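Dear colleague,

I am handing over the structure we spoke about, with the sequence alongside. Please look through it first, and then read my notes below.

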Amino acid sequence: MLIDLHTHSDASDGTDTPEQLMAVAAAAKLDVVAITDHDTTAGWDLAAEALPAGLTLVRGAEFSCQHTAENGRRISLHLLGYLFDPDHAALKAERARLQENRLGRGRAIVDNMVADGVPITWERVRQLAGDGAVGRPHIGRALVEQGVVPDVTAAFSEHLSSRSKYYVPKADSDVFDIVGMIHAAGGVSVFAHPLARRRGSVVDDCVITRLAQAGLAGVEVDHPDHAPADRAHLRDLAADLGLIGTGSSDYHGTNKRTAIADCVTSPDAYEAMVDRARALTPITRG
Ligand code: AMP
Ligand code: FE
Ligand code: FE
Ligand code: ZN
């Protein structure tokens with residue numbers, strides 16, 4: 001069984017349509033794929049309609065969250081929610097708020113670049129995002145088009161870095177609130193790439209312990225942005241805390257260098273995750 005529980009479509013910052021994403025998953029011989037766009041469920045129906053026989057679809061989303069550390073430092077983190085009720089009012093309102101905030105914040109980053117003479121426009125970034133939730137990768141593609149950087153990943157080392165002078169943070173909600181909302185919506189929460197250090201500061205183990213007490217169900221252990229020692233550490237921590245340990249590619253199409261199924265989840269972990277869901281079940285056709 002090949003199971004990838006974290007992928008993106010062009011409903012957020014991936015480059016495949018949800019239909020193409022299902023085809024890519026099938027071509028990679030995946031048995032289970034989760035669609036987890038940032039702060040939106042807009043790709044769910046298209047993915048379900050395009051689901052090929054033999055592939056199981058898990059509907060999810062990746063919520064942009066933050067945690068304020070004891071030293072007052074703000075840490076940005078991502079929480080995967082699976083199989084939650086898309087009509088749960090509080091969680092739905094939060095997705096709408098996050099998408100709206102992405103618009104203003106994306107525009108503010110672009111304004112900073114334009115003021116500094118970087119040759120891109122907000123209009124083009126909006127076009128590249130289409131109806132999807134706007135993210136820094138869309139700005140990255142505009143930079144690539146203009147020949148400012150060779151690819152989106154290179155843009156993240158410079159113009160799009162959280163350490164760049166152009167950077168504007170998103171107004172994300174507290175991670176403990178989102179864990180509570182996903183649970184209230186009948187879903188299952190998994191901490192995405194907790195030790196992806198390249199992206200910025202990461203939380204201490206004690207925060208993961210407190211999240212587990214607050215209802216967090218799992219942590220992503222195997223992820224392309226995790227070093228081998230960090231994977232080993234997370235595997236032990238998950239075992240100690242009774243958390244499900246998942247693995248996933250975080251595939252974004254051509255916006256990232258990672259292939260789908262680059263990291264995968266064990267069947268046991270997958271079943272444990274599905275068992276905890278109270279709102280939705282995975283979809284299988286044929
Ligand atoms: P945002 O959600 O707008 O803050 O942008 C963050 C997104 O950028 C992440 O979800 C990834 O999809 C993408 N990203 C982060 N780091 C990199 C990188 N080094 N190369 C390519 N994409 C990245
Ligand atoms: Fe992304
Ligand atoms: Fe993420
Ligand atoms: Zn992701």
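A residue is called buried when its relative accessible area is under 20%, exposed when over 50%, and partly exposed in between, with a 1.4 Å probe and protein chains only. This is a predicted model, in which local features need pLDDT of at least 70 and side-chain atom pairs count only at pLDDT 80 or more, while totals for chains, interfaces and linings use all residues. Residues are numbered from 1 along each chain as its sequence is written, chains are lettered from A and ligands numbered from 1 in the order in which they are written, and side-chain values use heavy atoms, with hydrogens and water left out.

By that definition D13 is buried, at a relative accessible area of 7%, and H38 is buried as well, at 6%. Both are protein donors of the iron ion (ligand 2), together with H252, at 2.0 to 2.7 Å; donors are N, O and S atoms within 2.8 Å of the metal (3.2 Å for Na, K and Ca), and sites may look incomplete because water is not among the atoms. The iron ion (ligand 3) is 5.5 Å from the iron ion (ligand 2).

Counting heavy atoms within 4.5 Å as contact, L5 touches residues including V32, V58, Y82 and M273.

Best wishes

Definitions and conventions. Lists of a residue's contacts leave out its neighbours within four places in sequence.
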